[in-house]
Amino acid sequence: MKRLLIIFATGVAAAACLPAAASAGTASSAAATPFTCSSISVNAPSGTTVESVTAVRQEAGTLTIQPVPPFTEVVKIPDVPAYCDVTVTLTHPGVGDHAKVRVWLPETGWTGRFQAAGGSAFAAGDYGAGLAGAIKSGYAAATTDAGVSTYLDTGWALNSDGEINTPLLKNFADRSQHEMAVVGKQVANEVYGRPVSYAYWNGCSTGGRQGYMEAQRHPDDFDGILATAPAINWDEFEVATLWPQVVMNEENTFPSPCKFNAFNEAAVKACDPLDGAPDGLIGDPATCAFDPRQLIGKSVECEGGRETITAADAAVVRKIWAGPRTPSGKKLWAGIPIGAGFDLAGTRLDENGKRVGAPFPVPDTWVSTFLKRQPSYDLSTITYAEFAKLFEQSQTEYDAIIGTDDPGLSAFRRSGGKLLTWHGQADQLIPAQGTVDYRRRVELAMGGARQVDDFYRLFLAPGVAHCAGETSTGPMPTDALGALTAWVEQGKAPQTLKAAITDSSGKTVTRELCRYPLISRSSGHGDPADAGSYYCAPVRH
C-alpha cells in the first residue's frame with residue numbers, strides 16, 4: 001500500500017520515510033517495526049527554497065525503468081528491496097528553476113552509507129538504474145535533475161533572448177550536485193534516526209565530471225568519490241571531440257565505417273606486442289606509432305562490396321589520431337586514442353547517396369547551441385581556422401563555470417576524502433589523455449606523485465571503451481566502488497583494480513589494472529587470460 005503526501009512549503013513538515021522505531025537508533029529495532037513513509041522537515045540548502053516534497057513507499061520486486069530518449073529499451077532490475085522514494089523540489093529565488101532531488105531509502109538493511117549517482121551527457125542525474133543498484137547494496141541513494149532535461153535535450157540552454165541561461169548552466173555544472181548532497185544526507189539522517197556514516201559519489205562521464213567538481217568546490221560533501229571516464233576539461237574536450245568532423249569536411253574525405261575498422265584492426269595488431277602479451281590489446285596507446293599510410297591500397301570488405309583505402313583516407317585518420325591543431329600546428333588537445341572506436345568520426349549517406357559527416361550529438365550541441373547560440377547551425381561549414389577560434393571561445397566563456405579542471409585539491413585532501421578514477425584507454429568519446437593530463441597537473445600543484453597518491457589514484461584500462469561500453473575488448477573493473485570503500489573505511493589504498501571480461505569464446509579474461517603511471521606487462525609465462533601472468537611496470541620510452 002502506498003502513502004503519498006505533498007506539502008508546498010519551506011521548512012515545514014514534508015514527506016519522507018521514517019521508521020517508527022528510528023529513535024532507537026539500531027538496525028534491529030528499525031527492522032522490528034513495519035517501514036512507513038511519514039512526515040519530516042526538510043531544511044532548504046543555502047540560497048534555495050523548497051517548493052515541494054513527495055514520498056511514496058515502493059514495494060520490493062522488479063523495477064521497470066522506461067526508456068529516456070534517445071534510448072528505446074525498457075530496463076528491468078530484479079530483486080530491488082522495498083524503499084521509500086522521496087522527491088524534493090528546490091528553486092533558486094528569482095531564477096524560476098525547479099531542480100528535483102530524488103532520494104531512495106531502503107526499508108531494511110541500510111548500512112549507514114549514502115551514495116549519490118551522477119548523470120550522463122546533458123542529463124544531470126540518474127533515471128533509476130544507479131539508484132536501484134545502490135539500495136540493493138544497502139546504500140541510501142540520491143540524484144538530481146538540476147532543473148535541466150534529458151541526455152540530449154538542451155532546450156533549456158538558451159533564454160528567450162537567445163542568450164545562455166546561465167542559472168541553469170550553473171545548476172548543471174555545479175550547484176545542484178552540492179544541494180543534492182546536502183538534501184540527500186539530511187533526509188537519510190532523519191529517516192533512519194542517525195547520521196550517515198560515509199558518503200560516496202558514483203558517476204561516469206558527466207557523472208565523473210560532477211565527482212571531480214565536488215572534490216574541487218565542495219570538498220566536505222563526500223568521503224569517497226568514484227569518478228569514471230570523467231568529462232573534466234569540459235570546455236576544451238567538447239570542442240576537441242568535434243575535430244574528426246572538421247577534418248573530414250575540410251579534407252572532403254569521409255571514410256566508411258569498414259575503412260575505419262580496418263585502420264583500428266591494423267593498429268591493434270601492430271601495437272599489441274608492445275606490452276609483451278598477445279592479448280589483442282594496446283597496453284599504452286601513447287606509445288603506438290602505427291602509420292595509417294601502411295594501408296593505402298588495401299581492399300576491405302564493406303556492406304555492398306569492397307572498398308580500397310586511399311591516401312586521402314589515411315591522411316584523415318592521421319589527423320584524427322594526432323588530435324586538434326591550430327592552422328599553425330599548435331596542439332590543442334588529444335585525439336581519439338589509437339585503438340578506440342571512431343564514433344566521433346561518424347558518417348551517413350545523404351539523400352543523394354553521398355557519404356557526409358554525422359557529428360556525435362554532445363559536441364555537436366555544445367558548439368551549435370552554447371558557442372554559436374544557433375541550435376540548427378551547420379557544423380559542416382567550420383574550417384580549421386574557425387575551429388581554433390571556437391576552441392578559444394569555449395575556454396574563455398566556460399572554463400570558470402564548467403571546466404572542472406582546477407588542480408587545487410588541498411581542501412579535499414584536508415577533509416580526508418579519497419578520489420578514485422579509472423578510465424578506458426579505448427574511450428572513443430572522452431580521450432583518457434585529458435584525465436592523465438589533469439592528474440599530472442595535480443601532482444605539480446600538490447608536491448608530487450607520492451603525496452597525491454595518498455588521496456587520489458588513477459587506473460587506466462587497456463581496450464576498455466567509454467564507461468565500459470559494449471565495444472570494450474579489455475578487462476573492465478569488477479568492483480571499483482568496493483575498492484574505494486575499503487580505502488575510505490579501512491585505509492586500504494588500492495594498488496591495483498581487479499578487472500575481467502568474457503571474450504568471444506566465452507572464456508573469462510582477468511587482469512589487475514595498474515595504478516598510474518604504471519602499466520601492465522606480461523611476465524612471459526602463464527595463461528595470457530589470467531591476471532597472474534602480468535605485473536605492473538613503469539612505461540618504457
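**Ground rules.** I number residues from 1 along each chain as its sequence is written, and I work with heavy atoms for side-chain values, leaving out hydrogens and water. As the model is predicted, local features need pLDDT of at least 70 and side-chain atom pairs count only at pLDDT 80 or more, while totals for chains, interfaces and linings use all residues.

**Fold.** I looked up the secondary structure and got 14 helices and 22 strands (DSSP runs numbered from the N terminus: H or I with at least four residues for helices, E with at least two for strands). The radius of gyration is 24 Å, close to the 24 Å from the globule rule for 541 residues, so the chain is as compact as a globular protein of that length (C-alpha atoms; the rule is 2.2 Å times the number of residues to the power 0.38). The C-alpha trace spans about 75 × 65 × 50 Å along its principal axes.

**Packing.** I find 56% of the 541 residues buried (under 20% relative accessible area, 1.4 Å probe, protein chains only). Of the contacts with a separation of 6 or more, 67% join residues 24 or more positions apart (contact: heavy atoms within 4.5 Å).

**Gln216.** I then went to helix α4, residues 206-217, where Gln216 lies. Is Gln216 buried or exposed? Gln216 counts as buried, at 12% relative accessibility. Leaving out residues up to four places away in sequence, I see Gln216 touching Thr404, Asp405, Asp406, Leu409 and Tyr438.

How values were computed
Buried means under 20% relative accessible area, exposed over 50%, partly exposed in between (1.4 Å probe, protein chains only).
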